Amino acid sequence: RRPVVTASMDELHFHAQIRVGMVAALEARVNATFDRSLELEVTVHSENPVTGERKHCCSALLTFAPLGDDFRPTAVRPLALDSDDARKRQAAGAARRAQRLANRKQTQGS
């Protein structure tokens with residue numbers, strides 16, 4: 001329940017275009033949370049408003065940082081890891097985060 005800023009976007013995959021007149025439907029779920037950020041998996045489908053036909057158009061992993069009242073990143077509540085799927089998504093998100101941080105460190109060192 002806070003404003004967020006986009007910290008990163010990776011694994012952006014385009015599968016199909018969204019044509020004029022189609023409805024774009026976005027679905028997102030939180031894969032993992034960290035001290036001051038969270039990773040979401042977003043999928044985009046186009047839907048024909050007449051026939052209801054849906055096509056998977058795009059998917060991506062996005063990392064957001066919530067902002068506190070001082071407009072600085074603030075704490076994120078831990079994700080409820082109440083299923084094997086939730087635990088696997090958190091672990092996979094943590095591995096991706098570690099890779100993103102390593103890539104950032106390598107880029108900044110160049």
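Predicted model: local features only at pLDDT ≥ 70, side-chain atom pairs only at ≥ 80, totals over all residues.

Me: What box do the C-alpha atoms fill?
Reply: Taken along the principal axes, that box is roughly 50 × 40 × 35 Å.

Me: OK, what about the surface? How much accessible surface does the protein chain have?
Reply: The accessible surface comes to about 7900 Å², and carbon and sulfur atoms account for 53% of that. As for burial, 32% of the 110 residues count as buried.

Me: How many positive and negative side chains are there?
Reply: The protein chain carries 17 positive and 13 negative side chains. The centres of those two sets lie 4 Å apart.

Me: Let's go inside. Which residues make up the largest nonpolar core?
Reply: That core has ten residues: L38, L40, V42, V44, C57, C58, A60, L62, F64 and V76. The largest share, five residues, comes from β4.

Me: Take V44 from that list. What is V44 in contact with, leaving aside neighbours within four places in sequence?
Reply: V44 is in contact with I18, A25, L26, K55, H56, C57 and C58.

Me: And T43, is that residue buried or exposed?
Reply: T43 is buried, with a relative accessible area of 17%; the cut-off for buried is under 20%. T43 sits in strand β3. Beyond neighbours within four places in sequence, the contacts of T43 are A25, L26, E27, H56, C58 and S59.

Me: Switching to β2. Where is A32, and what are its contacts?
Reply: A32 is in strand β2, which spans residues 23–33. A32 is buried, at a relative accessible area of 0%. Setting aside neighbours within four places in sequence, A32 touches L38, E39, L79, R89, Q90 and G93.

Me: How far apart are A32 and L81?
Reply: They are 49 residues apart in sequence, while their C-alpha atoms are 9.4 Å apart in space.

Me: What about N31, buried or exposed?
Reply: N31 is buried, with a relative accessible area of 2%, and lies in strand β2. Leaving out neighbours within four places in sequence, N31 is in contact with E39, L40, E41, L61, L79, R89, Q90 and R96. N31 and A94 are 63 residues apart in sequence and 9.4 Å apart from C-alpha to C-alpha.

Me: Last stop, F71. What is its phi?
Reply: F71 has a positive phi of about 65 degrees, although F71 is not a glycine.

Me: And where does F71 lie, and is F71 buried or exposed?
Reply: F71 lies in the loop between β4 and α1 (84–109). F71 is exposed, with a relative accessible area of 68%.

Conventions: Residues numbered from 1 in each chain as written. Heavy atoms only, no water. Buried < 20%, exposed > 50% of the residue type's maximum accessible area, 1.4 Å probe, protein only. Areas by Shrake-Rupley, 256 points an atom, 1.4 Å probe, with all protein chains shown as cover. Lys, Arg positive; Asp, Glu negative; His and termini not counted. Charge placed at Lys NZ, Arg CZ, Asp CG, Glu CD. Core = buried A, V, L, I, M, F, W, Y, C linked by side-chain atoms within 4.5 Å. Helix = DSSP H or I, 4+ residues; strand = E, 2+ residues; numbered from the N terminus. Contact = heavy atoms within 4.5 Å.
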